[in-house]
Amino acid sequence: MKNTSTKKIVIGAIVLAVLVALFAFFYGRFSAKSIAGDKAIVIEVVDESGSSTEYDVDTDAEYLKDAMDDLAEADDSFSFSGKDGGYGLMVQVINDKQAIYEEDGAYWALYVNGEYGQYGVTEQPVTDGDTYTWSYEAAE
């Protein structure tokens, strides 16, 4: 009787192992996968003269800074830098144009779909179809 029980346990374990392997195979083969460039966004730069440059960006970045890093890596005409502070990165230079309030009374303002941004570049979520505008603004 023990021999039959042992055979049933072994057969059950083998069937279970085969089912787990099949599940893993099909899950890996057919599950949704992230595709590079899942989000299509626009990053616009409006300089001190009012000239606008738009960049179409395909990214899978979660936050705007990461999307801007992707753009800077892919397009030599776009660059940015800044200073880390208590609220993340403060963008001070875009495309070699400086806007440092302490030095020249100007700053780079972030707009999301035409609305003044509520987050900094490191916290701004990236959403498919959105436009992120950096506008050079002189303080009044």
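The legends below describe several views of one predicted protein model.

Residues are numbered from 1 along each chain as its sequence is written, and side-chain values rest on heavy atoms, with hydrogens and water left out. Because the model is predicted, local features need pLDDT of at least 70 and side-chain atom pairs count only at pLDDT 80 or more, while totals for chains, interfaces and linings use all residues.

**View 1. The whole protein and its elements.** The protein has 3 helices and 8 strands, where helices (H or I, at least four residues) and strands (E, at least two) are DSSP runs numbered from the N terminus. From the N terminus on, these elements follow the order α-β-β-α-β-β-β-α-β-β-β. The C-alpha atoms fill a box of roughly 90 × 30 × 25 Å along the principal axes. The radius of gyration, taken over C-alpha atoms, is 26 Å, whereas a compact globule of 140 residues would have one near 14 Å; the globule rule is 2.2 Å times the number of residues to the power 0.38.

**View 2. Helix α3 and residue E102.** Helix α3 covers residues 101-104 and contains E102. With a relative accessible area of 63%, E102 is exposed; the term exposed stands for over 50%, buried for under 20%, and partly exposed for values in between (1.4 Å probe, protein chains only). E102 and L16 are 86 residues apart along the chain, and their C-alpha atoms are separated by 67 Å.

**View 3. The open sheet of β3, β4 and β5.** Three strands form an open sheet in the order β3-β4-β5, with antiparallel pairing. Strands β3 (80-85) and β5 (97-98) stand at the edges with a single partner strand each, so one side of each is left without a neighbour in the sheet. Strand β4 (residues 88-94) is joined to β5 by 2 bridges, and two strands count as paired if DSSP finds at least two bridges between them. I94 has K97 in β5 as its bridge partner.

**View 4. Strand β6 and its partners.** In strand β6 (residues 106-112), 5 of the 7 residues are buried, so β6 is largely enclosed by the rest of the structure. Strand β8 (residues 131-138) runs antiparallel to β6 and is joined to it by 7 bridges, and here A109 stands opposite S135. Strand β7 (residues 115-116) is also antiparallel to β6, with 2 bridges between them, and V112 stands opposite E115 in β7. The hairpin formed by β6 and β7 has 2 residues between the strands, and N113 in the turn has a positive phi of about 55°.
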